[in-house]
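User: I am new to this structure. Please show me how to read its features, one at a time.

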Amino acid sequence: MRRLIAAAFVSLDGVMQAPGGPDEDRTGDFRYGGWITPFSDPELGRGTAENGGRPFDLVLGRRTYDIFAGYWPQFDRGPNAVRDIAQEFNHATKYVASRTQTTFAWRNSQWLGEDPVAALRAIRQGEGPDLLTQGSSDLLRTLLASDVVDELRLLVYPVLLGRGKRLFGDTVLPSAFTLTRSVTTASGVVLVRYERAGEVRGGSFGFEE
């Protein structure tokens, strides 16, 4: 069985819209595009693309796919760190969720069909590498509401944005997670990994009479 890992850059208040540049996603008149760039730090390394040296396939929403397809293919022979990520992304199978497009030019790209959640459930049951989301906020919220996410891999940035597309919405499936890794960089970014740990359990701090 394959694992589905949800990876994202998020602000302290959970916003994940347009982290990489001003024009990445201006939906809703979002004015803070590129908000991760002031916190650039060598310790971030390969960030959410890093998978412990293991191969992975990508799960992308249409908007993120278009951004990646216009960027990563040209860096197959770029600087070492960028080249390594580009080669992994270019080699990986890209599973794309889209309501309007069914064929894609970036090599190794596949449409997830009319029901992307059902398609991913079937893919997870097969053999292959981990499935890794990148960006894709709309798709990610759907996945978090559908009990298909096995791990959260987040880079949390020390900034409040107040508005924008958020990682978690009201439809998220109540779930418990276990922290498996936590690293804080010199610039204040916290890298965390949480693995799914069953259902939410309740309790009480009240004193027994």
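User: Which residues does Leu 4 touch, not counting residues up to four places away in sequence?

Analyst: Keep in mind that this is a predicted model. Leu 4 touches Val 59, Arg 124, Leu 131, Thr 133, Leu 143, Val 148, Val 149, Asp 150 and Glu 151. Leu 4 also belongs to the largest nonpolar core.

User: How should I read that core, and which of its residues touch the most other members?

Analyst: The general idea comes first. In soluble globular proteins, nonpolar side chains tend to be buried together. Here the largest nonpolar core has 24 residues. Leu 4, Val 59, Leu 112, Leu 140, Leu 143, Val 149 and Leu 167 touch the most other members.

User: Which elements give two or more residues to this core?

Analyst: They are β1 (4–11), β3 (94–97), α3 (116–125), α4 (137–144) and β6 (151–157).

User: Now the strands. Which strands pair with β5 in the parallel sense?

Analyst: β1 pairs with β5 over two bridges. There, Leu 4 stands opposite Leu 131. Strand β2 (residues 56–61) also runs parallel to β5, joined by four bridges. In that pairing, Val 59 has Thr 133 as its bridge partner.

User: Are the faces of β5 covered or open?

Analyst: Both faces are covered. Asp 130 and Leu 132 are buried on one side. Leu 131 and Thr 133 are buried on the other.

User: How do I read a helix with buried residues?

Analyst: Start with the geometry. An α-helix has 3.6 residues a turn, so residues three or four places apart point the same way. In helix α1 (residues 62–69), Thr 64, Tyr 65 and Phe 68 are buried. Seen down the axis of α1, the buried residues fall within an arc of 105 degrees, so they line one face of the helix.

User: Is Arg 153 buried or exposed?

Analyst: Arg 153 lies in strand β6. Its relative accessible area is 3%, so Arg 153 counts as buried, the cut-off being under 20%. The side chain of Arg 153 makes a polar contact of 3.0 Å with that of Glu 151.

User: Which loop holds Asn 108, and which holds Ser 136?

Analyst: Asn 108 sits between β3 and β4 (109–111). This residue is not a glycine, yet its phi is positive, about 65 degrees. Asn 108 is partly exposed, at 37% relative accessibility. Ser 136 sits between β5 (130–133) and α4. Its phi is positive too, near 60 degrees. Ser 136 is buried, with a relative accessible area of 9%.

Notes: Residues numbered from 1 in each chain as written. Predicted model: local features only at pLDDT ≥ 70, side-chain atom pairs only at ≥ 80, totals over all residues. Heavy atoms only, no water. Core = buried A, V, L, I, M, F, W, Y, C linked by side-chain atoms within 4.5 Å. Buried < 20%, exposed > 50% of the residue type's maximum accessible area, 1.4 Å probe, protein only. Contact = heavy atoms within 4.5 Å. Polar contact = N/O pair within 3.5 Å; in protein donor to acceptor, adjacent residues only side chain to side chain. Arc of directions from axis to C-beta. Pairing = 2+ DSSP bridges.
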